[in-house]
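Morning, everyone. Please take a look at the next slide, and then I'll walk you through it.

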Amino acid sequence: MSKYTAFRCPEDLLELAKVKAKKDRRSLSNYIITLIEKDVSDMVLADAGQKEAAEPAKASAKARK
């Protein structure tokens with residue numbers, strides 16, 4: 001699900017982003033979302049790694065009970 005959001009952006013940066021999005025045959029919204037996804041992907045992977053590391057500890061604690 002997506003949620004509408006608005007933010008301020010310098011006009012020159014916005015125009016460059018529109019040109020880049022058009023060149024990539026994307027909407028501006030899709031272009032920005034793709035950039036954000038790439039930027040935060042390392043956080044998602046790190047969170048997944050922490051959860052995986054915690055799961056064996058939970059399993060062994062349950063086994064001891």
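**After the first helix**

R25 comes after α1 and has a positive phi, near 55°. This is a predicted model: local features need pLDDT of at least 70, side-chain atom pairs count only at pLDDT 80 or more, and totals for chains, interfaces and linings use all residues. Residues are numbered from 1 along each chain as its sequence is written, and side-chain values use heavy atoms, with hydrogens and water left out.

Now the helices. The protein chain has two helices and zero strands. Helices are DSSP runs of H or I, at least four residues, and strands are runs of E, at least two, numbered from the N terminus. Helix α1 covers residues 11-23, which is 13 residues. From first C-alpha to last, α1 reaches 18 Å, close to the 18 Å expected at 1.5 Å a residue. That expected span is 1.5 Å times one less than the number of residues.

Next, the surface. Buried residues, those under 20% relative accessible area (1.4 Å probe, protein chains only), make up 6% of the 65 residues in the protein chain.

Which residues form a positive surface patch? They are K20, K23, R26 and K38. Like charges are joined within 9 Å, nonpolar side chains (Val, Leu, Ile, Met, Phe, Trp, Tyr) within 5 Å. Lys and Arg count as positive, placed at NZ of Lys and CZ of Arg.

K38 sits in helix α2, residues 28-64. Why does K38 count as exposed? Because its relative accessibility is 61%, and exposed means over 50%.

Technical notes:
Patch = residues over 30% accessible without salt bridge, like charges linked within 9 Å, V, L, I, M, F, W, Y side chains within 5 Å. Areas by Shrake-Rupley, 256 points an atom, 1.4 Å probe, with all protein chains shown as cover. Salt bridge = Lys/Arg side-chain N within 4 Å of Asp/Glu carboxyl O.
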